[in-house]
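Hi,

Here's the structure I said I'd pass along.

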Amino acid sequence: MGRGLAAILVALMVVYCAFMVCAEDAVLKKKKIGGKTECSQGWECNTFSVYCCNETISKFFQTYQFENLFSKRNSPVAHAVGFWDYRSFILASSLYQPLGFGTTGGKLMQMKEIAAFLGHVGARTSCGYGVATGGPLSWGLCYNREMSPSQDYCDDFFKYEYPCAPGAQYYGRGAIPVYWNYNYGKLGKNIKVDLLNHPECLEQNATVAFTAAMSMWMTPQRKGQPSAHDVFVGNWKPTKNDTLSKRVPGFGTTMNILYSDSVCGQGEIDPMNVCISHYLYYLDLMGVGREEAGPHDVLSCGEQIVFNPSYKASS
């Protein structure tokens, strides 16, 4: 186990111990910093931040709701039985709540962001199909890895910056599956875990897998571009070029950022609509209601010009 992984697990265990002791009553602390009120709230939002003045995720999204959203994940025919759980999700979120993940805006926006993020997770890890028991949308978190990789996803073009480790394979793993050595390398730097040399961490530890997915949600893919979080919660203001490219704040543009032309800019294709369907389904299950998701041009990226066209379809 690499030092980076060990460090993040130790940090998360400290948070978990605090969680076990203080889950009932997190004390809200406030102080003025630069004329602004910033807060901390115990184990879940323990860094002073303007976002920690809002409700924390566990206040409005609890274990029973996680179980409802992913009701078939531990079915005997699922492929990651016993791997994914609420505790892993909430521990990973504690690293990003002080940065605004699930803590931006009022309660409605907070719930919508969790539904949107988990909509991506559910769609990308589902083994649901049309006549599946409980319906195709109840099978999110069925997988934690690609079952039959067609290749090792090692791109020698990046051999100096992100060299492939001997014997390592960079097939899809995680809550929002990661592919290719360069993506494992960049993501590993962001979360301070050596994923380039230990890509298997994403299929061996659910907290690390959720942490990686949240990093993808919170981090711009390239300098000068927004993150999926920013375009969803309204922090991003489209430029004239964005408007001409039909990129607007909302769920559709989060798909543009995360999946580029593998999902977006191709009209009403199934991979895009499956992702939208999971988001709407989760809004309903969380009691928000799909009517809060907005019109189709906000939900869709089918007509958008993508931010970062891929030079390989699989990347």
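**Helix packing and disulfides**

Helices α4 and α8 are oblique to each other. Keep in mind that this is a predicted model. The angle between α4 (residues 86-93) and α8 (residues 206-218) is about 45°, and their axes are 8 Å apart. The crossing of α4 past α8 is right-handed.

Which residues make the contact? On the α4 side they are Ser88, Phe89, Leu91, Ala92 and Ser93, and α8 brings in Ala206, Thr207, Phe210, Thr211 and Met214. Sorted by class, the contact of α4 with α8 has 6 nonpolar and 4 polar residues, with no charged ones.

Now the cysteines. How many disulfides does the structure hold? There are 5. Counting bonded cysteines along the chain, the pattern reads 1-4, 2-3, 5-6, 7-8, 9-10.

- Cys39 is bonded to Cys53, with an S to S distance of 2.0 Å. The link is right-handed, with 90° about the S-S bond. Cys39 sits in strand β2 (residues 36-41) and Cys53 in the loop between β3 (45-49) and α2 (57-60), 14 residues apart. Cys39 is buried at 0% relative accessible area, whereas Cys53 is partly exposed at 28%.

- Cys127 and Cys142 have their sulfur atoms 2.0 Å apart. The torsion about their S-S bond is about 95°, so this disulfide is right-handed. Both Cys127 and Cys142 lie in the loop between α5 (107-124) and α6 (181-191), so the pair ties together parts 15 residues apart in sequence. Cys127 is buried, with a relative accessible area of 17%, and Cys142 is buried at 0%.

- Cys154 and Cys164 form a disulfide too, with 2.0 Å between the sulfur atoms. Here the torsion about the S-S bond is about 110°, so the link is right-handed. Cys154 and Cys164 are both in the loop between α5 and α6, 10 residues apart. Each counts as partly exposed: Cys154 has 26% relative accessibility and Cys164 has 24%.

Two other cysteines to note. Cys201 counts as buried, at 6% relative accessibility. Cys275 is in no disulfide, and the nearest cysteine sulfur, belonging to Cys301, is 8.4 Å away. Is Cys275 buried or exposed? With a relative accessible area of 2%, Cys275 is buried, because the cut-off is under 20%.

Cheers

Key: Residues are numbered from 1 along each chain as its sequence is written. This is a predicted model: local features need pLDDT of at least 70, side-chain atom pairs count only at pLDDT 80 or more; totals for chains, interfaces and linings use all residues. Side-chain values use heavy atoms; hydrogens and water are left out. Axes are lines fitted to C-alpha atoms, for helices over the stretch in contact, and angles run from 0 to 180 degrees between N-to-C directions. Helices (H or I, at least four residues) and strands (E, at least two) are DSSP runs, numbered from the N terminus. Angles under 35 degrees count as roughly parallel, over 145 as roughly antiparallel, 65 to 115 as roughly perpendicular and the rest as oblique. A crossing is left-handed if the near helix is turned anticlockwise from the far one by less than a right angle, and right-handed if clockwise. Contact means heavy atoms within 4.5 Å. Ala, Val, Leu, Ile, Met, Phe, Trp, Tyr, Cys and Pro count as nonpolar, Asp, Glu, Lys and Arg as charged, and the others, Gly among them, as polar. A disulfide is a pair of cysteine sulfur atoms within 2.5 Å. Buried means under 20% relative accessible area, exposed over 50%, partly exposed in between (1.4 Å probe, protein chains only).
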